[in-house]
Amino acid sequence: MIFLKRQLPLAITFVMGIAFTFQYYIPHPVSEDAITNVSKWMQIISGFALFLGLASLFHVHAVKITRQVPGWGFSLALYVAMIGTIVIGFWSHGETKVDGGQTAFGWLYDYTMVPLQGTMFSILAFFIASAAYRAFRARSREASVLLVAAVVVMMGRVPLGQFLLPWTWDVTQWLLNVLNSAVRRAILIGVSMGAVALSLKIILGIERSYLGGGRDQ
Amino acid sequence: MIPAALLLLLFWGGTAVAAPPLLSPPEGFRVLDTPNDAGKSLSLVWKASPSDSKNRLVQVWAAESPQAAFNKVAEFPSNTRYVKPGDFPWWAQPAGKGDHYVKLSSSQAFPIENGKRYTVKLLMREGGREAWSDVAGGTAAPNYFNTAQINNLVFVLAFTGVLLGSIAAARRNPHVPLRRIAGLDAVEEAIGRSTEMGRPILYLTGAGDMSEVPTIAATVILGEVAKKVAHYDTTLKVPHRDPIVMAVCQEIVKEAYVEAGRPDAYKDESNFFITGDQFSYTAAVDGIMLREKPAANFFMGSYFAESLLLTETGASTGAIQIAGTDSDHQLPFFVTTCDYTLIGEELYAASAYLSREPVLVGTLRGQDFGKAFIMGVLVLGTALATVGVVADVDGVNYVLDLFKDFK
């Protein structure tokens, strides 16, 4: 059991990790085919894993409905929406358009999913305003610097700001191209080193908590 | 008669003086297999000429065999397609600096097969004049190793050696000092606060799947958080966007409860799948935040546009919020709306920081050596590039090429 739960996954991780590290340096078509095949396998596994997700979703909401926990009506709405979409999807043979005409499935997607997604995305504008209000309150020296920089960048990025204060364009470019880029690159260098180190720890079996359980088992 | 002869001689001679010089054919024309590729392409190389100009055109004519008819496959001005510094590293350069270099890839018009010999010649044209190069032949073949990336491989191997050395040193001397990371120190506080308030803890693993490093880091941190949650006997909720991540997290959380000595408190439902759709998932998690009002929200992993929608909703419920991401484009939103933010590499250091295991802490020291090396290279590279430009010295490129990522 310990072999299946621990040693075999670690061995597979090690072999595949080393193989696909070296794959990066091998331009031969055999190497390209290998990565393509692995990508296909990952897609197949993801497809099967979706059933796991669906089972979890149905289970969690079935429990809420049967126990009538507060808000169980939302779970019922989810069941109705999901089963309705599946039935309409089968009825439309999974097609959103047939002979240039929209199917029921396509209508459902275009007139429910798309507006709902658009609504969620549009809320972002209001959240940016409220988050900016909190961030720009000059309560400390750092927040004051942020406030001044943000005002200059905003003025430099909108036509009215450039018209009123033409110098803000140059200052904005300098802030974005010099200060901002330098900090972003510094973060990216740290991220890259961290990602390489974590990958090596996983390939070499030093970090194994993602398998579940402690590291020294 | 004599004046007429003189006149004829004069005209004859005048014509000879006005005749344009003959075009010189391209020199040193070679066809070779394109180095460091998957095959099905040929590289054409020839010497640059002082008379190259935009009016002088070069046509590439290729044939499938020496006996077959030649077809025109490319045409361009003769003052283009030079080998420029930075195109190839000095140790894998198919042509000299300043030479012409053209890569002839397989196309519908002229398919190139591996192992088959093709013949190519160049035609130089300017005005009405033409000059053909010698015919050269070459065979395309796939390569087993990209020699242009040998510097990259050497650095990877060296960095692996440094990491392993740091781990060995940490095993001998486990007292490696760690810089304080406020966001990770606050984990215990956040869980304690949730316990006191009798509210759940919400933990998100981000938008990525298990093939992405930040997601793996998020699942590793989840293990440490789950141990503390089990210890405090608080409710943990982990909504997922990816079923595979959910399955992995179920196993991690279960084992964390076992390690904490509370296997009875583990609930399989603490990890649950919502949807793979970005905004549907965001709406569902926002709903959980508003209905169940978790006292602590953790946002670990990679995020996109949903980051602010999640954290701003969480902030409105008064939850203590700890974020950790390597998505640099979302960092401002997390910093603005969360109480603590793990920036970039701190996400990857979290596992070592929380567990304090010498082996993992040792890797952090290895990372620091790597960063010190990169900083040194940045300073050296800046100095050499400046010297190269000011003093017009090409020699610096031999050093600079060592640190470039060639594809």
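I started with B:E259 and found it in helix α5 of chain B. I keep in mind that this is a predicted model.

Is B:E259 buried, exposed or partly exposed? I counted 19 C-beta neighbours inside 10 Å, so B:E259 goes down as partly exposed. Being buried would take 20 or more.

Next I looked up B:H231. It is 28 residues away from B:E259 along the chain, and I get 9.7 Å between the two C-alpha atoms.

Then I turned to the helix pair. How do α4(B) and α5(B) cross? Helix α4 of chain B covers residues 213–232, and its axis comes within 8 Å of the α5(B) axis, at a crossing angle of roughly 30 degrees. I noted the crossing as right-handed. On the α4(B) side, the contact residues include B:T219, B:L222 and B:A226.

Chain B puts 63 residues into the contact and chain A puts in 51. Which helix gives the largest share of chain B's side? That's α5 again, residues 243–259, with 10 residues. Chain B's side splits into 32 nonpolar, 18 polar and 13 charged residues.

Last, I looked at the domains of chain B. The assignment gives domain 1 as 24–139 and domain 2 as 179–355. Taken over C-alpha atoms, the centres of these two domains are 57 Å apart.

Definitions and conventions. Residues numbered from 1 in each chain as written. Chains lettered and ligands numbered in written order. Predicted model: local features only at pLDDT ≥ 70, side-chain atom pairs only at ≥ 80, totals over all residues. Domains from an automatic or database assignment. Contact = placed C-beta atoms within 7 Å. Helix = DSSP H or I, 4+ residues; strand = E, 2+ residues; numbered from the N terminus. Nonpolar A, V, L, I, M, F, W, Y, C, P; charged D, E, K, R; others polar. Axes fitted to C-alpha atoms, helices over the stretch in contact; angles between N-to-C directions. Left-handed = near helix turned anticlockwise from the far one by under 90°. Buried ≥ 20, exposed ≤ 12 C-beta atoms within 10 Å, placed from the backbone.
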